Amino acid sequence: MANLIPQGLNNQYTNRLIFGKAATYTFVVPDGVKFVKVTAIGGGGGGTNSNRGGSAGGLGIGVYPVNPGSSCTVIVGAAGAVAGTGGTSSFATPVATVLSVTGGATNGGTVGASTGGIVNFSGGVSGTGAASGGGGLAGGVGGIGSTGG
């Protein structure tokens with residue numbers, strides 16, 4: 001998921017855009033907008049056929065300068081299929097990818113992480129035993145999400 005809020009008049013962030021479906025989107029910066037606040041979440045890892053949960057994707061939040069009329073790319077990573085890794089979500093200006101959030105792995109594997117944000121959270125790791133839970137979304141600032149049971 002990606003949540004994008006352009007900065008409008010009087011430095012207020014308004015007109016929230018939510019990209020909730022896994023896909024690649026183009027965001028054209030409206031007139032008068034100089035900054036956007038972006039929240040992105042990496043896709044969760046897929047569980048296994050032996051009832052083990054997947055690890056959570058990371059979460060990143062950042063504020064980035066943009067130019068009116070420019071096209072930015074928003075990528076929403078998909079959830080992992082059975083025993084698969086979740087997809088990476090990102091936000092890119094015409095110059096560079098400024099926020100990248102990876103998806104979680106499966107069955108107690110690597111958790112998702114974030115780079116380029118003002119705050120970057122890691123997802124929680126899933127349990128590895130049969131009938132274990134999935135990992136928690138994200139920990140506190142600089143923290144790690146909860147572990148599945």
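Trainee: Is Tyr25 buried, partly exposed or exposed, and why?

Mentor: Under 20% relative accessible area is buried, and over 50% is exposed. Tyr25 has 23% relative accessibility, so Tyr25 counts as partly exposed. Keep in mind that this is a predicted model.

Trainee: Why does Phe19 get its class?

Mentor: Apply the cut-off again. Phe19 has 12% relative accessibility, so Phe19 counts as buried.

Trainee: What describes a pair of aromatic rings?

Mentor: Two quantities: the distance of the centres and the angle of the planes. Here the count comes to 2 aromatic pairs. Phe19 and Tyr25 form one of them, with 4.8 Å centre to centre and 45° between the planes. Planes under 30 degrees apart would be stacked, and over 60 edge-to-face. The Phe19 and Tyr25 pair is therefore tilted.

Trainee: How many helices and strands does the protein chain have?

Mentor: There are 0 helices and 10 strands. The pattern along the sequence reads β-β-β-β-β-β-β-β-β-β. As for burial, 42% of the 149 residues in the protein chain are buried.

Trainee: How many bridges join S7 to S8?

Mentor: Count the bridges, then look for residues that stand opposite each other. Strand S7 (residues 89-92) and strand S8 (residues 97-101) run antiparallel and are joined by 4 bridges. Ser89 in this pairing stands opposite Val101 in S8. Ala92 stands opposite Thr97 in S8. A hairpin of 4 residues joins S7 to S8.

Trainee: Which strand pairs with S7 over 3 bridges?

Mentor: That is strand S6 (residues 71-76), again in the antiparallel sense. Thr73 stands opposite Ala92 in S7.

Trainee: Are the residues on the faces of S7 buried or exposed?

Mentor: Check each face in turn. Ser89 and Phe91 lie on one side, Ser90 and Ala92 on the other. All of these are buried, and both faces of S7 are covered.

Trainee: How many bridges join S4 to S5?

Mentor: Strand S4 (residues 35-41) is joined to S5 by 7 bridges, and the two run antiparallel. Lys37 stands opposite Val63 in S5. S5 itself spans residues 59-65.

Trainee: Why is Val63 classed as partly exposed?

Mentor: Val63 has 32% relative accessibility, so Val63 counts as partly exposed.

Trainee: Which residues make the nonpolar surface patch that includes Val63?

Mentor: A residue needs over 30% relative accessible area to join a patch. The members here are Tyr13, Phe35, Val63 and Ile118. Together they make a nonpolar surface patch of about 350 Å².

How values were computed. Residues numbered from 1 in each chain as written. Predicted model: local features only at pLDDT ≥ 70, side-chain atom pairs only at ≥ 80, totals over all residues. Heavy atoms only, no water. Patch = residues over 30% accessible without salt bridge, like charges linked within 9 Å, V, L, I, M, F, W, Y side chains within 5 Å. Areas by Shrake-Rupley, 256 points an atom, 1.4 Å probe, with all protein chains shown as cover. Salt bridge = Lys/Arg side-chain N within 4 Å of Asp/Glu carboxyl O. Buried < 20%, exposed > 50% of the residue type's maximum accessible area, 1.4 Å probe, protein only. Pairing = 2+ DSSP bridges. Phe/Tyr/Trp six-rings, centres within 6.5 Å; stacked < 30°, edge-to-face > 60°.
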